[in-house]
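Visitor: I would like a close look at a single part of this structure, taken residue by residue. Please then go on from there to the parts around it and to the chain as a whole.

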Amino acid sequence: MDTGIIGPVTVMKSYESEFGSQSATIHGLVVSAILIPAAISSFFAGRVADLLGRPKGIAIGALVFGLGAALEAGAVSIAMFVAGRCIEGIGEGLYLGTLVVYICEISPPSQRGPLTTGPQLLITLGLVAGFFTCYGTAQIGSSLAWRLPFVILACLSIMFSIASTLFLVPSPRWLTLRGRQSEAASAWDVLGVGMAEREKAENQLGTEAAATELVGLTDTAATPNQQELASPAPAQATKKFSFLDVFSKDVRKQTALAAFMMGMQQLSGIDGVLYYAPLLFQQAGLASAEASFLASGVSAIVIFAVTIPALFLSDKWGRRPSTIYGGLALSFTMFLIGTLYALSLVHPTTGPARWVVIGSIYLFAIIYCTSWAVGIKLYAVEIQPQRTRASATSLAHGSNWVANFAVALATPILLDRSSFGAYFLFGGCAALTAGVCAVVMPETRGRGLGEIEAAFGKGGGEGRGRRAVRG
């Protein structure tokens, strides 16, 4: 919801009268202030979730986020407003990646795609709520116009934190990894997961424990007898793992691929579009603030609408095709907009080119939400083995936040200096990602988490992934 709020708020007249008119650089810094703290806290989110459990990690993050939003709502200076955004970022970094990990861990393979990408639907719903909340409050003739959206955001965040504490069941996989089998069985019962799925999850955890032990023994020239001793054992379920395990030889490929894909997801320019939608529509010719606000709200509705079928089709399309073909389509729309501006074909009041630009912005958002938004976050989680899933996902989300910061900071500056530079930059990043993923990305659709780990084993993952797509 914050993404839907911050762009409209920072162009409201009441906000400008409170804090003064800001340059493109300051505007970018205010919007992006949430992102670097989110990147930093996301590096520790996995450790928090591993120590306290997924629900508690989510609850703590949501509470901190709500306190930051409350500080923004009560801000009396730009410094206080930015401080609130930084606190918001700490909370968001703590809970967002953990939430995706949690849903992935409690989901059966047959339903993992729709369930794990469910938060994306709520994100788009938050965009709609944020844009139209600001569209309504913009008519208030006081500072309440920009404060009220943050009050609502703070209340919702604190309610979510309380609900997470009271109602979320601990992850059965997390409980099993710590030797708490009876509690894990109770959690599976609450979740309504059948015995076949439970046994598959437990077998996978045992296999991962054995693989971890074998990696350590192989590095010290293990004998056959030593390797035999490395069979799954209940005691190994409680073995302690450190954050640095994400760089160990057997998982570094998954860690690097997840961090790359999550970073490039933002460098496609999606949050440049979402944060600065009113500015983009004004540049394309929707001169009035009311018209650009309404166009931004309509774009949020379109995004929400297309996300619904995308969730249910995610397991039919596959992660690999949606990433590659989605990236090519995203780059095409960005290059098209950039070319129209570079050739000076876009005029604010006349000509069809401005409507092509406006339509292409909508098309870009639609393509993103039906491909990269649904697939990449899910893929970054499901390719990680259980022992490093929380930490590796946190690292990948950190990469996402850093890239998001760069986009949020650079977009208004690039638009101020060049009407087309930002579009060519984002289009090039999307095309690069599609090319890299075409070479190194195995398919994971329909596979159990243990099977996915095996697909990355000993250098054969990429070829198996390509054969799975062709087959």
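Guide: Arg147 counts as buried, at 15% relative accessibility; buried means under 20% relative accessible area, exposed over 50%, and partly exposed in between, with a 1.4 Å probe and protein chains only. The model is predicted, so local features need pLDDT of at least 70 and side-chain atom pairs count only at pLDDT 80 or more, while totals for chains, interfaces and linings use all residues. Residues are numbered from 1 along each chain as its sequence is written, and side-chain values use heavy atoms, with hydrogens and water left out.

The partner of Arg147 is Glu18: the two form a salt bridge in which the closest N and O atoms are 3.4 Å apart. The term requires a side-chain nitrogen of Lys or Arg within 4 Å of a carboxyl oxygen of Asp or Glu. Because Glu18 lies in helix H2 (residues 13-19) and Arg147 in helix H9 (residues 144-167), the pair ties together parts that are 129 residues apart in sequence. Helices are DSSP runs of H or I with at least four residues, strands are runs of E with at least two, and numbering starts at the N terminus. Glu18 is partly exposed, with a relative accessible area of 34%, whereas Arg147 is buried.

This is one of eight salt bridges that the structure holds. In another, the side chains of Arg180 and Glu183 meet at 2.8 Å, N to O. Here both partners are partly exposed: Arg180 at 31% relative accessibility and Glu183 at 39%. Arg319 and Glu382 also form a salt bridge, their closest N and O atoms being 2.8 Å apart. This pair links distant parts of the chain, with Arg319 in helix H18 (residues 319-342) and Glu382 in helix H20 (residues 372-382), 63 residues apart. Arg319 and Glu382 are both buried. There is also a network of salt bridges that links Asp2, Glu72, Arg85 and Glu88.

Glu382 leads on to the packing of H20. Together with Lys377 and Val381 of H20, Glu382 meets Val100, Val101 and Cys104 in H6, a contact being heavy atoms within 4.5 Å. The axes of helix H6 (residues 78-106) and H20 come within 10 Å and cross at roughly 70 degrees. Axes here are lines fitted to C-alpha atoms, for helices over the stretch in contact, and angles run from 0 to 180 degrees between N-to-C directions. At that angle, H6 is roughly perpendicular to H20: under 35 degrees counts as roughly parallel, over 145 as roughly antiparallel, 65 to 115 as roughly perpendicular and the rest as oblique. The crossing of H6 and H20 is right-handed, meaning that the near helix is turned clockwise from the far one by less than a right angle, and left-handed is the anticlockwise case.

H6 also packs against helix H4 (residues 35-52), at an angle of about 40 degrees and with the axes 7 Å apart. H4 and H6 are therefore oblique to each other, and their crossing is right-handed. On the H4 side the contact is made by Pro37, Ala38, Ser41, Ser42, Ala45 and Ala49; on the H6 side, by Cys86, Gly89, Ile90, Gly93, Leu94 and Thr98.

Two residues of helix H21 are worth a look as well. Arg389 is placed in H21 and is buried, at 0% relative accessibility. Its C-alpha atom is separated by 8.5 Å from that of Val246, which is 143 residues away along the chain. Thr411 also has its place in H21 (residues 389-417) and is buried, with a relative accessible area of 2%. Leaving out residues up to four places away in sequence, Thr411 touches Gly272, Tyr276 and Phe426.

Finally, the chain as a whole. It has 24 helices and zero strands, and 55% of its 471 residues are buried. Among contacts between residues at least 6 apart in sequence, 81% join residues at least 24 apart. The accessible surface comes to about 18700 Å², 68% of it belonging to carbon and sulfur atoms; the areas come from the Shrake-Rupley method with a 1.4 Å probe, and for residues only the protein chains shown count as cover.
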